[in-house]
Amino acid sequence: MCMYSAHDGYANDFHLVHYGQLAMRGVGAVVIEATGVLPEGRLTPKCLGLWHDGHITGLKRVVDYMHNFGAMVGVQLSHPGRKGSTIPFHMYGKRPNKAFVNAAARASQAGFDFIEIHGAHGYLINQFLSPLSNTRTDMYGGSFENRIRFVSEIVQGVRKVWPAEKPLFVRLSVREWVEGGWTVDDSIALTKKMHELGVDLVGCSSAGNDTREKVPASPGYLVPLSSAIKECVPGILTGAVGIITGGKQANNILEQGMADVIFAGRQFLHDPSFVMNSALELGVFI
């Protein structure tokens, strides 16, 4: 969840307190918010960054503190593309795929336990994937194989600099709720490719790329997307999202084999003690 509290991309005391308190309250793994791989690749001027070596120290301070409480810590590497609001989005001759790789190398130096490449919600990678937004006529547009080339290059590059023993996640908008858009079948085909390239887990979200989308939001409404990926891509782990707000609800998703991990964002903003309250709901006293 973006907190809009960084200065020039640098982490500060706010991030130490905000993320540290989640580790103190028993969260098993925390994903640091969408973190820009380029200065123009931020959602807002107040978003975190990893485009500069100077960003490493502040993030390492946060990671080290959280490790003291047994939490695993990941970072969500992001480029919003046309959804960025820092300055008008241009490439400026820079290659965003290389920027993801460089940011991954810095994440390793900061001590993160895993990386999540943000390929959902209408951000740059999603814009390449979707036939609704990708109207290119070069090797990155047109066919499915061409539209997945950008994210494939990013994953290949990241895997070269990211330690082999550490997990690599990719977050996807598994479907677009618009006719002619990206489909579940497309995500299944892409996930197979991602798994071959070394991705360990796919976070299964949806939407965010087209204003015509009509999202049927309700408790657990995106869990079937995770289930579909798990069923069709043996060996890949999946994470479920989508209005998961209770311990029993989350536990049932896991026990039914519909996901391997529960991702909760807004719920932790509403209730930082969500883990402890879920344990009480399930009769587990910690």
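Strand 1 (residues 29-36) contributes the most to the lining of the largest cavity, with three residues; helices (H or I, at least four residues) and strands (E, at least two) are DSSP runs, numbered from the N terminus. The model is predicted, so that local features need pLDDT of at least 70 and side-chain atom pairs count only at pLDDT 80 or more, while totals for chains, interfaces and linings use all residues. Residues are numbered from 1 along each chain as its sequence is written, and side-chain values use heavy atoms, with hydrogens and water left out.

The structure holds one cavity of 30 Å³ or more. A cavity is a set of points, on a 1 Å grid over the protein atoms alone, where a 1.4 Å probe fits but cannot get out, and its lining residues have an atom within 4 Å of a point. Grid points are joined across faces, edges and corners, and a volume is the space filled by probe spheres set on the points. The largest cavity has a volume of about 40 Å³. Its lining consists of Ala 34, Thr 35, Gly 36, Gly 41, Arg 42, Leu 43, Cys 47, Leu 48 and Ser 78. By class, four of these are nonpolar, four polar and one charged, where Ala, Val, Leu, Ile, Met, Phe, Trp, Tyr, Cys and Pro count as nonpolar, Asp, Glu, Lys and Arg as charged, and the others, Gly among them, as polar.

Strand 1 also pairs with strand 2 in the parallel sense over seven bridges; two strands pair if DSSP finds at least two bridges between them. Within this pairing, Thr 35 stands opposite Leu 77 in strand 2. Six of the seven residues of strand 2 are buried, so strand 2 is largely enclosed by the rest of the structure. Buried means under 20% relative accessible area, exposed over 50%, and partly exposed in between (1.4 Å probe, protein chains only).

Strand 5 (residues 201-205) is likewise largely enclosed, because five of its five residues are buried. Leu 201, Gly 203 and Ser 205 cover one side, and Val 202 and Cys 204 the other, all of them buried. Strand 4 (residues 168-173) pairs with strand 5 in the parallel sense over five bridges, and Leu 172 stands opposite Cys 204.

Turning to the helices, helix 1 (residues 13-24) has twelve residues and reaches 16 Å from its first C-alpha to its last, close to the 16 Å expected at 1.5 Å a residue; the expected span is 1.5 Å times one less than the number of residues. Its buried residues pack against strand 1, helix 2 and helix 10 (266-270). One of the residues of helix 1 is His 18, which counts as buried at 12% relative accessibility. Leaving aside neighbours within four places in sequence, His 18 is in contact with Met 3 and Leu 269, contact meaning heavy atoms within 4.5 Å.

Helix 3 (residues 96-109) has 14 residues and reaches 20 Å, close to the 20 Å expected. Its buried residues include Phe 100, Val 101 and Arg 106. Among the elements covering them are helix 2 (55-67), strand 2 (72-78) and helix 6 (149-161). Just after helix 3, Gly 111 takes a positive phi of about 90°.

Finally, Gly 242 lies in the loop between strand 6 (237-240) and helix 9 (247-255). Gly 242 counts as buried at 13% relative accessibility. Gly 242 and Pro 219 are 23 residues apart in sequence and 6.7 Å apart in space, C-alpha to C-alpha.

Notes: 1 Å grid on protein atoms, 1.4 Å probe; cavity = no way out; pocket = protein on both sides within 12 Å on 5 of 7 lines; lining within 4 Å.
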